[in-house]
Amino acid sequence: THTHTHFCLIHPQADIVINEDGELPKCQKCGMRVRDLTKHLDTYTCKRGAARRNHEMKQDQQYQANQVKFYVDGNEIERVRYFKYLGRVLTEDDNDSMCIDANLRKARNQWNSIAKILKREGANSRCMARFYLTVVQAVLLYGADTWSISNRDNNKLRSFHRRATRYMTGSHIRTVGEDEWEYPDHDVLLKKCRLFPIDIYLPVSYTHLR
């Protein structure tokens, strides 16, 4: 076969093992034809190929699912990509990124209105942190007990949490030169406010989706 011939040209002295069809054995994970399946399974090439293959299979399944139509009394039901239920955004693919983005917008508006009042009244960082936990995080983490959080979503939540902590303590990112910034130690700022990292407040551990 073409694969067999190509391999022989590159490795003329190799002891090639082929199957009954005259081809190299096929990896069931990534779909590649290789000489040694045992060594191949632990390679980065196999893992990358398997991930790409799984992604293509999911895309194909999603495409087929999108072609399915439902009828009631002969009338086709309208397909919606997302809708809001009890204040939470639900999507057809169970991706919670849109829901998390909506909660972040609400929490940001809530925090902006409260933080200005607390700052004007001279509240210290710990007092502001109490209001932040009680009021703002109730909005931010609404429905979080069923979230499936990706790395990207977790970074958004962490960024919001750290930005709020910097505001409470009056410690901000400073420019120290051209295209250079100095970041405060957020672990120190969290201790000053008696807060924990955002991961501690999440009721579920995040899942790597993408």
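Modeller: Let us begin with pockets: on a 1 Å grid over the protein atoms alone, a pocket is an open set of points where a 1.4 Å probe fits, with protein on both sides within 12 Å along at least five of seven lines, whereas in a cavity the probe cannot get out; a lining residue has an atom within 4 Å of a point. This is a predicted model, in which local features need pLDDT of at least 70 and side-chain atom pairs count only at pLDDT 80 or more, while totals for chains, interfaces and linings use all residues. Residues are numbered from 1 along each chain as its sequence is written, and side-chain values use heavy atoms, with hydrogens and water left out.

Colleague: Which residues line the second largest pocket?

Modeller: The lining consists of Arg108, Trp111, Asn112, Ala115, Lys116, Phe160, Arg163, Ala164 and Tyr167.

Colleague: What makes a segment a helix or a strand?

Modeller: Both are DSSP runs numbered from the N terminus: a helix is H or I over at least four residues, and a strand is E over at least two. By that rule the protein chain has eight helices and six strands, in the order α-α-α-β-β-β-β-α-α-α-β-β-α-α along the sequence.

Colleague: How do the residues of the pocket lining divide into nonpolar, polar and charged?

Modeller: Five are nonpolar, one is polar and three are charged. The rule counts Ala, Val, Leu, Ile, Met, Phe, Trp, Tyr, Cys and Pro as nonpolar, Asp, Glu, Lys and Arg as charged, and the others, Gly among them, as polar.

Colleague: Why is His161 called buried?

Modeller: Buried means under 20% relative accessible area, exposed means over 50%, and partly exposed lies in between (1.4 Å probe, protein chains only). His161, a residue of helix 6, has a relative accessible area of 2% and is therefore buried. Ile198 in helix 8 (residues 198-201) is buried as well, because its relative accessible area is 2%. Ile198 lies 8.6 Å from Asn154, C-alpha to C-alpha, although the two are 44 residues apart in sequence. Of the 210 residues in the protein chain, 27% are buried.

Colleague: What makes strand 3 and strand 4 a pair?

Modeller: Two strands pair if DSSP finds at least two bridges between them. Strand 3 (residues 82-85) and strand 4 (residues 88-91) have four bridges and run antiparallel, so they meet the rule. Phe83 stands opposite Leu90, and Tyr82 stands opposite Thr91. Their hairpin has two residues between the strands, and Leu86 there takes a positive phi near 55°.

Colleague: How many bridges join strand 5 to strand 6?

Modeller: Three bridges join strand 5 (residues 174-177) to strand 6 (residues 180-182), and the two run antiparallel. Gly177 has Glu180 of strand 6 as its bridge partner. This hairpin also has two residues between its strands, and Asp179 has a positive phi near 60°.

Colleague: Why is Asp73 called exposed?

Modeller: The relative accessibility of Asp73 is 77%, so Asp73 counts as exposed. Asp73 lies in the loop between strand 1 (71-72) and strand 2 (75-76), and its phi is near 55°, a positive value in a residue other than glycine. Arg194, in the loop between helix 7 (186-193) and helix 8, has a positive phi of about 60° although it is not a glycine. At 55% relative accessibility, Arg194 is likewise exposed.

Colleague: How many disulfides does the rule give?

Modeller: A disulfide is a covalent bond between the sulfur atoms of two cysteines. The rule asks for a pair of cysteine sulfur atoms within 2.5 Å, and the count comes to zero.
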